[in-house]
Amino acid sequence: MIPGEVFHHANRGASVVKIFPAHAAGGLIFIKALKSVFPDLALMPTGGVTPQNAQAYLDAGALCVGMGWNLLPSTALKAGDTRSAGARINAALSAVFLQTL
């Protein structure tokens with residue numbers, strides 16, 4: 001995604017713009033750059049967001065983040081391993097909430 005696409009979606013009334021894949025687009029630097037140009041636009045980076053870097057994306061100005069395989073790896077899903085998925089989700093929530101309290 002490039003800034004022109006972000007502008008296009010913002011002009012069309014998007015309340016949140018999903019930035020995917022955030023990591024490949026430039027990661028935290030890209031989110032910070034977008035927020036400097038579009039300070040009032042809500043951004044949701046996905047793709048490359050992990051429990052370890054989620055808070056950094058929020059600190060960079062993201063409204064929220066999206067995570068997929070980092071929370072629900074396909075091997076765990078195929079094996080029906082809900083305990084592993086639950087542990088990963090709890091770790092992600094803890095990583096973000098413990099840093100914001």
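A: Helix H6 (residues 82-100) gives the most to the nonpolar patch, with three residues. Helices are DSSP runs of H or I with at least four residues, strands are E runs of at least two, numbered from the N terminus. This is a predicted model: local features need pLDDT of at least 70 and side-chain atom pairs 80 or more, while totals for chains, interfaces and linings use all residues. Residues are numbered from 1 along each chain as its sequence is written, and side-chain values use heavy atoms, without hydrogens and water.

Q: Which residues make the nonpolar surface patch?

A: Leu72, Leu77, Ile89, Leu93 and Phe97, over about 450 Å².

Q: Where is Leu72?

A: In the loop between helix H4 (54-59) and helix H5 (74-79).

Q: Now inside. Is Thr46 buried or exposed?

A: Buried, with a relative accessible area of 8%; buried means under 20%, exposed over 50%, partly exposed in between. Thr46 sits in the loop between strand S2 (42-45) and H4.

Q: What does Thr46 touch?

A: Leaving out residues up to four places away in sequence, Thr46 touches Lys18, Ile19, Phe20, Pro21, Ala22 and Gly66, with contact meaning heavy atoms within 4.5 Å.

Note on methods: Patches are made of residues with over 30% relative accessible area and no salt bridge: like charges are joined within 9 Å, nonpolar side chains (Val, Leu, Ile, Met, Phe, Trp, Tyr) within 5 Å. Accessible areas come from the Shrake-Rupley method with a 1.4 Å probe; for residues, only the protein chains shown count as cover. A salt bridge is a side-chain nitrogen of Lys or Arg within 4 Å of a carboxyl oxygen of Asp or Glu. Buried means under 20% relative accessible area, exposed over 50%, partly exposed in between (1.4 Å probe, protein chains only).
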